Amino acid sequence: MEELHRGVRAGTTVRARGDTWTIIEVRRFETCAVVLLESASPARGERRTALISPFDDIAATPREPISRRRRARVTGSVLAAIGRERRAHTLWTAAEARLTPLAWQLAPALAVLRGATRVLLADAVGLGKTVQAGLILAELMARGLVERALILTPAGLRDAWVEELRARFDLAAVALDQVSLAEGTWRAAGANPWTRAPVVVSSIDLVKRPEVRAAVDDQPIDLLIVDEAHHCTPGSDRGAVVSRLAAAVPWLILASATPHAGDPRAFHFLLDLGGVGRDEPAMRVFRRSRAEAGLAGRRSSHVLAVTPTAAEQRLQRAVHAYARDLSLGPIRDAPGLRLVCGVVARRATSSALAALRTLQRRLAALEGRSAVPVERQASLPWSEIDDDEDLDPSWLATPGLGSTADECMRLREILADAEAACARPSKLLRLRRLLARAGEPAIVFTEFRDTIEACLPFVQDVASTRCLHGSMDVRDRRRVVADFLQGRARLLLATDVAGEGLNLHERARLVITIEWPWSPQRLEQRVGRVDRMGQLRRVHAVHLTSRGTFEDTVVARLMERARAASEDLGQCEGEVIGERAIEAAVLGGSSRGHVAVGSSPASSRDEAAEAAEVCRLLDQRRLAAHGRPAMPAWCLPRRRGRVRAGAGLAVVFEVTDRSRLGRLDACAVVAIAVTLARSPANRREWRNTCLAVARDRRVREAALAAAPAQAGKESSWANAVGRLLAIRAAVHATPPAAVQASLFDRRAVRDARTREAVAARLDAHLERKALALSALGGERDARVLAVIPIA
């Protein structure tokens with residue numbers, strides 16, 4: 001292998017910047033080399049770094065002498081070395097990570113090490129998909145296969161991802177948002193902020209902007225992780241940007257507890273993300289139910305039927321009839337009209353105030369007094385821009401019945417019922433009694449901010465309250481959640497902005513939903529905020545419903561069916577009931593929302609291998625408790641004086657396998673027994689004998705031969721190499737866009753050259769990755785760890 005500056009090469013121990021490092025990889029250029037280093041100091045927080053030689057002083061450490069140590073210390077050092085073994089098809093980082101090894105959580109990472117390049121993590125809410133994705137990231141980075149990773153999450157979860165990666169895997173990630181991009185020091189230096197750290201966490205709504213996307217595309221990405229991936233739907237901007245990024249990365253990880261919302265087109269779009277070529281294996285899907293994770297039976301669900309007042313009954317009947325008449329009326333196919341019908345009906349089941357304000361806006365739009373759109377509560381915390389499905393202002397002003405005058409008169413009658421119903425809201429009064437009786441922290445969910453406003457007067461004197469909704473910025477949301485978790489508030493009133501990604505199980509076990517959401521997946525997201533791994537108490541979910549109304553007779557029954565079906569999804573035949581099916585049941589008309597769903601498309605899991613990996617990791621942790629391996633050492637026998645004839649030595653080696661490019665493939669501890677013809681008589685003879693055996697070429701060759709063969713290395717990365725080659729072929733097949741040069745403006749030419757440069761960098765990066773994965777059959781080296789006398 002070609003040597004680096006001052007004789008330093010990959011795999012050696014060096015001194016740089018006042019610390020001891022191990023060289024992981026060397027990337028050579030004409031006048032310099034980029035050296036990827038891993039810290040050998042246990043106290044150092046930064047595990048990896050990259051230095052440039054010869055500008056950074058990187059010096060090889062002198063060969064470590066074999067010195068005498070106490071027997072207990074030598075054996076402890078050997079045990080510690082065994083605890084740090086790195087086999088080709090096993091996990092390298094899980095033993096040191098701050099997590100409890102669970103077989104089903106290790107399965108996705110093991111699948112990636114065996115060749116999977118596209119993975120969908122679809123476990124039920126609260127089963128640790130962030131941990132699974134983080135473990136895949138840590139494993140690929142530990143092997144030097146991932147240099148840059150991009151994690152796309154809901155905007156409100158950026159900091160949570162950064163903290164999770166730091167706390168569990170010691171991975172330093174950077175969160176980028178609008179503020180950090182605008183205020184960063186790199187603006188003056190002309191640097192690309194998306195390359196400031198190996199792992200960047202951001203939101204899709206930021207990345208999909210054209211001016212941001214150009215900077216993201218400037219440098220290749222090795223791993224793309226998309227959290228709450230079910231929001232990447234076909235035809236949407238989010239789906240488009242993720243599809244484009246996924247088609248150019250070697251590894252793609254999608255995470256969603258609710259990947260199937262009843263729309264088969266959206267589900268198959270998700271499964272096809274990142275596909276490049278017909279020969280590529282299908283996406284690996286991992287889905288575990290709560291029963292498989294051993295969490296079944298820890299949740300109690302209660303449907304609390306509330307008797308509505310006479311005014312509320314009139315309002316519900318009137319709104320239901322009005323929405324059905326619109327959806328089945330003569331201009332039912334008008335753009336956005338059916339969506340308006342659904343919003344009106346949903347808000348009527350939530351609170352009279354929510355219905356009142358929506359109907360007022362509808363009436364004002366029809367009369368031409370204003371065209372303010374219905375205030376729609378986003379289903380997730382993407383803060384950068386509005387949702388793709390925002391109601392167009394013209395939709396509210398579109399008449400749905402034959403006569404606009406008759407429709408306005410009908411709306412005025414319904415508004416009178418809504419105003420009367422606001423006087424005594426039965427659900428909110430029942431909520432007040434329920435909270436007073438419970439006397440413990442609780443989370444109350446609703447779809448609409450108007451309902452939160454209606455709730456406040458009824459609950460503020462019962463419990464200290466904080467509100468969480470979509471119009472709050474990320475800092476305010478973070479402060480509200482902190483107040484609730486730290487005990488400064490007993491009640492959290494939240495819209496579905498808090499329904500994804502937040503961990504509230506340490507504070508509460510009671511979840512109350514004011515209305516049934518029309519999406520079963522959204523309901524599961526709500527309860528999943530407290531029903532998660534780590535919840536030590538029984539979770540109680542209380543669903544308020546208006547007795548005798550269309551919410552009680554249609555929506556509640558459909559939601560119960562969906563909940564029962566979701567428990568079996570992934571194990572047996574079930575039925576996913578989507579929002580369209582519920583909408584059709586309420587408003588009338590055809591439905592395509594009932595979709596038969598079989599077992600998970602993932603191949604059968606090797607449970608025995610996963611269980612064996614858990615045992616191995618636990619053994620590694622126990623052995624690693626002995627500390628870090630010390631310098632090579634020898635020790636005296638247990639008994640003083642002469643040892644009986646036939647005694648021997650155990651020579652312990654650390655055998656490393658590296659690819660032809662210097663990337664570490666495996667590291668194993670091997671012991672070779674050497675029989676002594678004559679027992680040394682004194683300490684000096686023991687020393688000379690131990691040193692001579694440690695330096696014996698035959699013993700070293702025996703260790704190299706005894707180390708486990710790395711069988712299957714070629715096949716394990718064959719899928720990744722094939723994917724890299726397919727991506728390169730797609731890059732080469734894309735013709736350059738034709739550019740018409742302008743006499744006065746050269747921007748089009750500059751943009752075209754920039755695109756060509758980006759494509760060239762991507763192609764070179766993919767070529768180097770493919771070479772790194774296929775450059776097997778490198779060198780095997782053995783380093784003496786200890787020489788221990790044995791009887």
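Mentor: Angles here run from 0 to 180 degrees between N-to-C directions, and axes are lines fitted to C-alpha atoms. The model we discuss is predicted.

Trainee: At about what angle to β17 does α17 run?
Mentor: Helix α17 lies across two strands, β16 and β17. Strand β17 covers residues 491-494. The direction of α17 relative to β17 is about 160°.

Trainee: In which order do the strands of the open sheet of 6 strands come?
Mentor: The pairing in this sheet is parallel. Its edge strands, β14 (299-306) and β16 (465-468), each pair on one side only. Neighbouring strands are turned by 20° against each other on average, direction ignored. The order is β14-β19-β18-β15-β17-β16.

Trainee: Which residue in β19 does His302 stand opposite?
Mentor: Strand β14 is joined to β19 (residues 539-546) by 8 bridges, and the two run parallel. Opposite His302 stands Val542.

Trainee: Is α16 parallel or oblique to α17?
Mentor: Helix α16 spans residues 426-438 and helix α17 spans residues 449-459. They pack with their axes 9 Å apart, at an angle of about 50°. That angle makes the relation of α16 to α17 oblique.

Trainee: How many nonpolar residues are in the contact of α16 with α17?
Mentor: From α16 come Leu428, Leu429, Leu431, Arg432 and Leu435, and from α17 come Ala454, Cys455, Phe458 and Val459. By class there are 1 charged residue and no polar ones, and the nonpolar residues number 8.

Trainee: How does α2 lie to α22, roughly parallel or roughly perpendicular?
Mentor: Helix α2 (residues 103-113) packs on helix α22 (residues 607-624) at about 100°, with the axes 9 Å apart. Angles of 65 to 115 degrees carry one name, so α2 and α22 are roughly perpendicular.

Trainee: How many charged residues does the contact of α2 with α22 have?
Mentor: Ala103, Trp104, Leu106, Ala107 and Leu110 in α2 meet Glu610, Ala611, Glu613, Val614 and Leu617 in α22. Of these residues, 8 are nonpolar and none is polar, and the number of charged ones is 2.

Trainee: Which are the edge strands of the sheet of 7 strands?
Mentor: This open sheet has the order β9-β10-β8-β11-β12-β7-β13, with parallel pairing. Each edge strand pairs on one side only, and the two are β9 (173-175) and β13 (284-286).

Trainee: In β11, what is the bridge partner of Leu150?
Mentor: Strands β8 (residues 149-152) and β11 (residues 223-227) pair in the parallel sense over 4 bridges. The partner of Leu150 in β11 is Leu224.

Trainee: How many residues apart in sequence are the parts tied together by Glu447 and Arg346?
Mentor: The side chains of Glu447 and Arg346 meet in a salt bridge, 3.5 Å from N to O. Glu447 sits in the loop between β15 (442-445) and α17, and Arg346 sits in helix α12 (residues 337-350), so the separation of the tied parts in residues is 101.

Trainee: About what is the phi of Asp170?
Mentor: Most residues other than glycine have a negative phi. Asp170 is found in the loop between α4 (158-169) and β9. Although Asp170 is not a glycine, its phi is positive, at about 55°.

Trainee: Which residue does a cis peptide bond join to Ser53?
Mentor: Most peptide bonds are trans. Here omega is about 15°.

How values were computed:
Residues numbered from 1 in each chain as written. Predicted model: local features only at pLDDT ≥ 70, side-chain atom pairs only at ≥ 80, totals over all residues. Heavy atoms only, no water. Parallel < 35°, antiparallel > 145°, perpendicular 65-115°, else oblique. Contact = heavy atoms within 4.5 Å. Nonpolar A, V, L, I, M, F, W, Y, C, P; charged D, E, K, R; others polar. Pairing = 2+ DSSP bridges. Salt bridge = Lys/Arg side-chain N within 4 Å of Asp/Glu carboxyl O.
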